[in-house]
Amino acid sequence: MKKTLVVLLAIFFVAISLNEGYAVTEIKIGHLLPLSGSAAAPIGQEMLAATQLAIKHVNDNGGIKSLGGAKIKLVTVDTQGDPQIGMTQTERLINVEKVSAIIGAYQSAVTFPSTAVAEKYRIPWVVDLAAKAEITERGFKYVFRPAQCPSSGNADSTIEFLKWIGGKTGKPAKTMAMIYENTDWGQDLAKTLRRRAPEIKVKIILDEPYPPNSGNLMPLAVKIKGVNADVISITGYTVDDISICQLIERMRIEPMAVIWSGAGSLDQTFIPSIGYRGTNYQYTADGWGGYDACVKTPWAKKVWDDFKQMTGKNMSELSVDAYVAARVLAAALEKAKSTDPEAIRDALSQIKIKGDLADFLGFPIEFDEKGQNPYKKYVTKQIYEGKYQLVWPPHLASHDYKPIWPVPKWDERK
Amino acid sequence: MSEILIKVVINGLLMGGIYALISLGLTLIFGVVRIVNFAHGEFLMLSMYASYWLFQLWGIDPYVSVLIIAPLFFVFGMIVQRGIFQPILNAPEVSKIFAAIGLVMVLQNLALLFWKGDYRAIKTISSGLLIGPEGFMIGLPRFIAFLAAVSIMLGLYFFIKNTYTGKAIRATGQDQGAALLMGINTKRIFLIAFGIGSSCVGIAGCLLMPIYSVFPTVGAYFVLVAFVIVVLGGLGSMLGAFIGGLIIGLVEALSGYFISSTYKEAIYFIIFWFLLIYKPTGLFGSVSQE
């Protein structure tokens, strides 16, 4: 009995060591997204397509060459937008599927606790779109965020843009009215603006939170008009952004400029429901530069076209971030020359990407000690005649469009 | 200062008119059928979508689409009453509440399925128009909604006061048993009351469309206010719903300007709370026995 056991064990170990000796043919990567069960599912589906496309591009180009052309196999699971499912699926991916790394999970609420699980097992995680600042701020060793800024990034860009445009035009803003929706996101941005405004000598003279989806924002607009600030910073979602923008036009509020924090002001209904007169010259932050600024090389055009062919849609910040996250992980695998999670983590922490992929994102890719890509920023765009024109940062700015600052008075507009 | 105050007050009253319009249907259904229609907000959402699509597909202005949507929602309300609430008329209250909440789930998720979570808004001829003297200009759509609320309230009041059906509706609201004994077909009255209530919220949806965006959960934001208004004004009282709407609109606008928009709900709930302590039947309420 004992002998048989010893023999069996011997065979087992030999088998294992032989297996190690074989070249790797497949690298399993875990992937979490909300694909059903919530309003987030359509976005999850769009990001799934982008990640699949990235993996397909890597595999079609000979896989991971430093691993003998090994192919990446994506193991996608549906989180249904539920943090609990996210955490248990992360456990399963690591313990049952034995994945080497994980990509995901779009929503901060799912990504935040699930990355903690991966950290415990020392499995590297590349964050696609989740913006919650604490995901990287916790100082985890295995979490990397290449394409997305922390959620207060819009506010950082607002400050940097104000500094730049003030210097360029010689007409710096001195006072700011700050209007923001009163949930996590708005509060985060407000905190950053409050902290950084003194840096550029801007005084905040109105600091007003409001509940999202307010039926009546006119009293708020009366307050905004009353303080007569140089710049109005507005952070909110679609319904309220539309209401406030209409009120600014109707009540003839005349700041040097209004700067929106993306979200609502980028919604496809924003311009059509207000019209050109009301939306012209509005500045807004955006997570991605857009086609004109970022799709210039044949490499990027192929990505754009393939995605369009695959889904029938244009790429957006969502799909770009998902695509970039997957390509960054693939680059790390190439550099690591191993499927060992520890080696992949080390490769990620040292990675420096310039060229096609960085141009597509609009910024170089590397990681600071917290795992955040410090170069990634929100860009600033100005709306003109229904188009979003990129005006900042200068290296991405449109050559045919010069930012208008301060914006024309309402009487001078058509 | 006083100029701003007048502006804020006018704005609050106009918004109150819209709230009142939404609450009228709710209070009528409650007062007569004795059903707390939690799905009232979803009815509003559906009528906004209906008005949205009529505008997008055929270019029908929301003010014209009232003529289509009001009768459509009358029928829709009757179907809901006949199909969902009538069979459980004598069931315990809890069953009715769950039936209504089930309806909320179904309608919200159907909307999500068909129209996705996107916000949709329209720009009509009247969207940006202003009326009134310089300095006190108000948006035309809000003014129209206010006028509509007043006229619908008055219309309903006379209908209920003077017509035979109206009297039957009132009788049923006061005492179902007695009404039945007097030869009133209460089931039919329930259908009519539910239909009128739904029709009111259908009209509210059309009038709201030029001002607000529609999305599957839009109802939730208005229905909470509507419930406060209905209880504030007195369950079942139409005048109460109207005055209650104006009060909430005013409180919201004034607190939004003088304190902060963030606290407007806290403030009208404090008022609501005091009212419940000192006058639990609401301002004009008569329904208190149950």
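How many helices and strands does the secondary structure of chain B come to? The answer is 11 helices and two strands. The model is predicted.

**Figure 1. Chain B and the order of its elements.** Of the 290 residues in chain B, 51% are buried. Among contacts in chain B with a separation of 6 or more, 77% join residues 24 or more positions apart.

**Figure 2. The side of chain B that touches chain A.** Here 28 residues of chain B are in contact with 25 residues of chain A. Three elements of chain B each give two or more residues to this side: helix H1 (2-33), helix H9 (218-233) and helix H10 (238-258). H1(B) supplies the largest share, five residues. By class, the residues on this side of chain B are 13 nonpolar, nine polar and six charged.

**Figure 3. Chain A as a whole.** Chain A has 16 helices and 14 strands. Its radius of gyration is 24 Å, close to the 22 Å that the globule rule gives for 414 residues, so chain A is as compact as a globular protein of that length. The C-alpha trace of chain A spans about 95 × 40 × 40 Å along its principal axes. Buried residues account for 51% of the 414 residues of chain A. For contacts in chain A with a separation of 6 or more, the share from residues 24 or more positions apart is 69%.

**Figure 4. Helices H6 and H7 of chain A.** Helix H6 covers residues 153-169 of chain A, and helix H7 covers residues 184-196. Their axes come within 8 Å and cross at roughly 30°. This angle is under 35 degrees, which makes H6(A) roughly parallel to H7(A). The crossing of H6(A) past H7(A) is right-handed. On H6(A), the contact is made by Asn154(A), Ala155(A), Asp156(A), Thr158(A) and Ile159(A). On H7(A), the partners are Leu189(A), Thr192(A), Leu193(A) and Arg196(A). Four nonpolar, three polar and two charged residues make up the contact of H6(A) with H7(A).

Terms used:
Residues numbered from 1 in each chain as written. Chains lettered and ligands numbered in written order. Predicted model: local features only at pLDDT ≥ 70, side-chain atom pairs only at ≥ 80, totals over all residues. Axes fitted to C-alpha atoms, helices over the stretch in contact; angles between N-to-C directions. Helix = DSSP H or I, 4+ residues; strand = E, 2+ residues; numbered from the N terminus. Parallel < 35°, antiparallel > 145°, perpendicular 65-115°, else oblique. Left-handed = near helix turned anticlockwise from the far one by under 90°. Contact = placed C-beta atoms within 7 Å. Nonpolar A, V, L, I, M, F, W, Y, C, P; charged D, E, K, R; others polar. Rg over C-alpha atoms; globule rule 2.2 N^0.38 Å. Buried ≥ 20, exposed ≤ 12 C-beta atoms within 10 Å, placed from the backbone.
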